Amino acid sequence: MAKQLGFYINADNCIGCKACVAACKDKNDLPLGEKMRRVFEYAGCDWDVSETGACMPSNFFAYSISIACNHCAEPACVASCPVGAMTKREEDGIVYVDKELCIGCGTCAQVCPYGAPYLGVDDLSCKCDFCMDLIDEGKTPYCVAICPTRCLEFGDIEELRAKYGNVDGIEPIPMNTGTMPSLVIGTNRLNPDGSIPGTLITTEQELVSEAV
């Protein structure tokens, strides 16, 4: 039986530095505005009312979570691509785009519940391919290798689940999508069961400094 590669992300250790995003952009030579990996920042708290009527925050939490393509076991992008450009490798389950076949229709971007594929500057589909070229050389994906807090890990998804559990969705990531994502998430210690509602506070702006 072929293995299925997947990612583990520890939301309790991620500091939101976005080194993984920068590394991915560098490796794939992505232009401004394009990201194959994103970091979402999520925070919230409860409010208690004191005897004097003042509102006081309690149970505050905040965490960051890094996500790219989840290389799902039942990927919606593969099932919906009208020309077969979205491909899932048999030997390791990596989902990638065959640029020779892609017609830039954007169907994959519309059906992916995680927002992983998008149309790039060449009007063709772009998404994380698990650094497939590095995997074939026995190396580590750039995002995993660069993470300074080692909160990203990769490997056989069944081994990751045996080690870390079966959680594959926490806010603000979609849950129960039916695509069977190859993802394991270590939840945040301050809101482990997601009982405290929060707000997505990520900004999509990219800052660029120009040499004078």
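## A pair of strands to start with

Isoleucine 9 stands opposite isoleucine 185 in strand 9, and asparagine 10 has glycine 186 of strand 9 as its bridge partner. This is a predicted model, in which local features need pLDDT of at least 70, side-chain atom pairs count only at pLDDT 80 or more, and totals for chains, interfaces and linings use all residues. Residues are numbered from 1 along each chain as its sequence is written, and side-chain values use heavy atoms, leaving out hydrogens and water.

Strand 1 (residues 5–10) runs parallel to strand 9, and four bridges link them. Two strands count as paired if DSSP finds at least two bridges between them. Helices (H or I, at least four residues) and strands (E, at least two) are DSSP runs, numbered from the N terminus.

## The sheet and its helix

Three strands make up an open sheet of mixed pairing, in the order 8-1-9. Strand 8 (152–156) and strand 9 are the edge strands, each pairing on one side only. From one strand to the next, the twist averages 20 degrees.

Helix 6 (residues 157–164) packs on this sheet and touches strand 1, strand 8 and strand 9. The direction of helix 6 makes about 125 degrees with that of strand 8; axes are lines fitted to C-alpha atoms, for helices over the stretch in contact, and angles run from 0 to 180 degrees between N-to-C directions. Contact here means heavy atoms within 4.5 Å.

Strand 9 (residues 183–186) is covered on both faces: Leu183 and Ile185 are buried on one side, Val184 and Gly186 on the other. Buried means under 20% relative accessible area, exposed over 50%, and partly exposed in between (1.4 Å probe, protein chains only).

## Helix 1

Now to helix 1 (residues 19–28), where Cys20, Val21, Ala23, Cys24 and Lys25 are buried. Their cover includes strand 2 (38–49), strand 3 (55–67), helix 5 (142–146) and strand 8. After helix 1 comes aspartate 29, with a positive phi near 50 degrees.

## The whole protein

The protein has six helices and ten strands. Its radius of gyration is 19 Å, close to the 17 Å from the globule rule for 212 residues, so the protein is as compact as a globular protein of that length. That radius is taken over C-alpha atoms, and the rule is 2.2 Å times the number of residues to the power 0.38.

Of the 212 residues, 44% are buried. Among contacts between residues at least 6 apart in sequence, 63% join residues at least 24 apart.
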